[in-house]
Every structure is written in C-alpha cells, then in structure tokens.
There are 2 protein chains.
Amino acid sequence: MDTVKKWRSKTYTGEGCPVEASLELFSGKGKGMILYHLLEGTLRFNELKRRLGSVTQRMLTKQLRELEASGLVHRQVYAVVPPKVEYRLTDTGASLEPILLALKEWGEEHALPILRQQAKIPAES
Amino acid sequence: MDTVKKWRSKTYTGEGCPVEASLELFSGKGKGMILYHLLEGTLRFNELKRRLGSVTQRMLTKQLRELEASGLVHRQVYAVVPPKVEYRLTDTGASLEPILLALKEWGEEHALPILRQQAKIPAES
DNA sequence: CTGTATCCTGCTGGATACTG
DNA sequence: CAGTATCCAGCAGGATACAG
C-alpha cells in the first residue's frame, strides 16, 4: 500500500463509505473513551465507570453492549457474589490502538482548543 | 511499543477527553466523508454533493457550516453568476489526513464487514 | 457489584418547497 | 449554482427507580 495517493475510485458514496463506517462504530456517547481506556487492559464495570466519570450507568451498559455486539470488546462474567464482570478489547478492538492514540493527540492539539473556543466545554477545571 | 504505556493520569474523564473531543468534531452525518473527499483538493458545493450521493442538500450545507465554524474547512465565495463556492481544508483540517486515511483502511478491513454482518448496510451495491 | 425498566425531552436529520 | 425555510418523526441519551 503506497500511501494512498490515488484511492480506488470505487465510489465511496453513501452507506458504503469506510470512513463513515468506522465513525459509526465509535459514535455514541463515550465509546471513544471506553475503547481508549480499555487499551490499558482489562477493566471491571465500575473501574470503567469511575474513569469515565460523567457517563451514566445506563449509557455505559448500552455502549458496552453495542461494542460487544460489534466484536470490539469482550465481556467476561464471573459467577461470584458480588458479581464481577470484566471488559477487554478483542483483537479487532485492539487494532484500533493507533487510531485511538492519533485521535487523542489530535484532540489535545486541536479538538480541545476548538471546542473551548466554541464554548462547548468549560475552560479546563 | 512503549508509546503511552502510562498516559498522563491527568483524568481524561468526561468532557475534557481529547478522544471524545476529536470524535465530536466529526460527528454529524457525512462529516467524515466530506473531510475525506476534501483531501483530494478544492471542491465546489455540487461536486462535493455528487460525490457524497446520499446526503441531502440541507445536511451538506449544515455540516459544511459546522466544519467551517470549527476551522477545519475554508469556504471561498466568488461573486459571479451563476454562484460559485469552493471548499477546501484548512491547515488544521489537512492535519487530519493520517487519521482519515487510517479510518478508511480500518473501515474497509473491519468496520464495513461488521456493519454488513449487523445488516446495517446493504451487502454492497 | 452490575445491571434492567420506564419515562421523557431535545436534537438530528429527512422531505419538500422556495430564492438570489 | 448554492443555498434557506419549514415542518416533522425518530431516537439518543438523561434522570430515576428497582433487581439479582
């Protein structure tokens, strides 16, 4: 693959667009953050919840279920009391690492300043 | 790869998360595709519309305005008849190239197959 | 600890018609 | 050609309460 100077003119219009397809899989409140934090390794439900902070329980469950259905995250349930459930990236999920790291760096350098300028997020606590 | 084994424990929770911030800027119907197609160079409104195909005029205008407000896209208006408006990436927008290309490749390899399996998109036109 | 079940609201985005 | 203006439906996602 030589840098994709000329991508296949295979008409990436509409629903078949791979860029949109990728974005669709991360779209949903907190999915990006979830995947990013799971890069660190296996995490239990509440560990994840604590790291995300602002996400509600309902949403976290929902996003995790979607990520599981997409095959990006694996859910491991232990039959113990109190309940213990661990989440980790699948191989497919782990293949997102370079993208997630790139998004983080670009976010720090560009996205956060832009959003702050647009007053969409507080000026940093 | 020791890149980010331990990221700054600077609590990327909630709204200050750079990954989420980046994703927020692309979220919105077709934004990913728009940016991707503009990598090719300057495009007029209708050229862009033709490439995207499935996006309505209203949405395209809306997304372009948002991208412009974020400083990722530049809008050049020519005072002629019939009207002529060109769109191109700003430097900040162009800095997304590696991410967009990565999203495209990951999308072809993983996202599209996943979405097809979930029957969210037709089995290829 | 790890979830479901409801209820409810706002925003996203589609369809359509009109304009400089 | 390149928009703007309306109207409207659907669903994402918050708040809250309950459960194994």
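1. In this predicted model, α1(A) passes α2(B) in a right-handed crossing, a crossing being right-handed if the near helix is turned clockwise from the far one by less than a right angle, and left-handed if anticlockwise. The helices concerned are α1 (residues 18-26) of chain A and α2 (residues 31-38) of chain B, whose axes come within 8 Å and cross at roughly 145 degrees; axes are lines fitted to C-alpha atoms, for helices over the stretch in contact, and angles run from 0 to 180 degrees between N-to-C directions.

2. On the chain A side this contact (heavy atoms within 4.5 Å) is made by A:Val19, A:Glu20 and A:Leu23, and on the chain B side by B:Lys31, B:Gly32, B:Met33 and B:Tyr36.

3. Helix α2 (residues 31-38) of chain A likewise packs with helix α1 (residues 18-26) of chain B, at an angle of about 145 degrees and with axes 8 Å apart, and this crossing is right-handed. Helices (H or I, at least four residues) and strands (E, at least two) are DSSP runs, numbered from the N terminus.

4. Chain A also holds an open sheet of 3 strands in the order β1-β3-β2, with antiparallel pairing, where strands pair if DSSP finds at least two bridges between them. The edge strands are β1 (43-44) and β2 (73-78), and A:Arg44 stands opposite A:Glu86 in β3(A).

5. Residues are numbered from 1 along each chain as its sequence is written, and chains are lettered from A in the order in which they are written. Local features need pLDDT of at least 70, side-chain atom pairs count only at pLDDT 80 or more, and totals for chains, interfaces and linings use all residues, while side-chain values use heavy atoms, leaving out hydrogens and water.
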